[in-house]
Amino acid sequence: PDEAVAACLAGCRRALEAGWAILQRGGAAVDAVEAAIVVLEEDPTFDAGFGSHLNRDGRVELDAIIMDGATLNAGAVACVERVRNPIRLARKVMESCEHMMLVGAGAEQFAAAAGLPLCQPEELICEREKKAWAKCVQGDHLSEFHFSPQHGTVGAVARDVQGHIVAGTSTGGTCCKLPGRVGDSPLIGCGCYADIEAGGVSCTGWGEAIMKVVLAKSAADDLRSGRNAQEAADAAVQLLARRANGAGGLILLDRNGHPGFAFNTPHMAYGYVAPDGSIVTAV
């Protein structure tokens, strides 16, 4: 929404600063992506981590994924209620689990075993979303009850000095969703994809439509075929609208680190670090 533009831009800048600080000193892309997304999960402006939308039962259920473009390894979690930063858990799954995706109580058990602290479900609920949910359960669900009914899935893509490309995505999902609903965000190829031979992609928007066209993988395939970063981003959003009648957007880096971004919603907050090290943010 218009009233959130300044907060969204500020959040993107903080996330870019966190990731760029790691890359600038020669750090790994996976560390930069995790650091950037943690900043956004901690910012209630966005629909990820603290401040996420509540489901129909008044609870927060979080999804996240991270993917390494060099190995094609990925880790994903869905429907977690006691992990404040699900991107950290997704990374633990990628690096320390025989499986690629864990959900619900099983994901939380793995988190505890991996040494990640668990929180109480109530700690993820912000007052703004609690009030919005209360209005919805008293009558018909109306989007105007919410700060923004589709705001804020977050993501990051990084390329480090070694040429490694990593992408990640984190979300609280849609407002008043059915318990157990999982959208595109934690699904490999849908909400996120990374391949060192193509690039890295993170998506946001209407998950059920994004899944239909496997949006992140579609954009990566366009990069692989020779389209430049912006052409691939534009083509992916056009595909989303044409074949799935969907609304959303994506950010990406090609294999050489060139950024691209596109969306067919009124706004999408995004940003990147330019070749001269300056930070660019926009909606």
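**View 1. Leu-178 lies in the loop between strands S5 and S6 (192-195).** Helices (H or I, at least four residues) and strands (E, at least two) are DSSP runs, numbered from the N terminus. The model is predicted: local features need pLDDT of at least 70, side-chain atom pairs count only at pLDDT 80 or more, and totals for chains, interfaces and linings use all residues. Residues are numbered from 1 along each chain as its sequence is written, and side-chain values use heavy atoms, with hydrogens and water left out. Leu-178 counts as exposed because its relative accessibility is 52%; buried means under 20% relative accessible area, exposed over 50%, and partly exposed in between (1.4 Å probe, protein chains only). Apart from neighbours within four places in sequence, Leu-178 is in contact (heavy atoms within 4.5 Å) with Arg-56 and Glu-61. Asp-57 is 121 residues from Leu-178 along the chain, and their C-alpha atoms are separated by 7.9 Å.

**View 2. Helix H1 covers residues 5-24.** The expected span of a helix is 1.5 Å times one less than its number of residues. For the 20 residues of H1 this gives 28 Å, which agrees with the 28 Å between its end C-alpha atoms. The buried residues of H1 are Val-5, Cys-8, Gly-11, Cys-12, Ala-15, Leu-16, Gly-19, Ile-22 and Leu-23. They cover an arc of only 130° around the axis, so they are on the same side of H1; the arc is that of the directions from the helix axis to the C-beta atoms. An α-helix has 3.6 residues a turn, so residues three or four places apart point the same way. Ala-6 and Gln-24 are exposed, on the face of H1 turned away from its buried side. The packing partners of the buried residues of H1 are helix H2 (29-41) and strands S4 (154-159), S10 (270-273) and S11 (279-282).

**View 3. Strands S4 and S5 (residues 165-171) run antiparallel.** They are joined by 6 bridges; two strands pair if DSSP finds at least two bridges between them. Ala-156 is opposite Gly-168 in S5. The hairpin of S4 and S5 has 5 residues between the strands, and Gly-163 in this hairpin takes a positive phi near 85°.

**View 4. Phe-261, Phe-263, Tyr-270 and Tyr-272 form one aromatic cluster.** Rings of Phe, Tyr and Trp (its six-membered ring) pair if their centres lie within 6.5 Å; planes under 30 degrees apart count as stacked, over 60 as edge-to-face and the rest as tilted. The structure holds 3 aromatic pairs. One of them, Phe-261 with Tyr-270, is stacked, at 4.1 Å centre to centre and 25° between the planes. Phe-263 and Tyr-270 form a tilted pair because their planes are at 50°, with the ring centres 6.3 Å apart. Tyr-270 counts as buried at 14% relative accessibility, whereas Phe-263, at 27%, counts as partly exposed.

**View 5. The whole structure contains 0 disulfides.** A disulfide is taken as a pair of cysteine sulfur atoms within 2.5 Å. The closest cysteine sulfur to that of Cys-8 is in Cys-12, 6.7 Å away and therefore too far for a bond. For Cys-203 the closest cysteine sulfur is in Cys-192, at 8.1 Å, also too far for a bond. Cys-8 counts as buried at 15% relative accessibility, and Cys-203 counts as buried at 2%.
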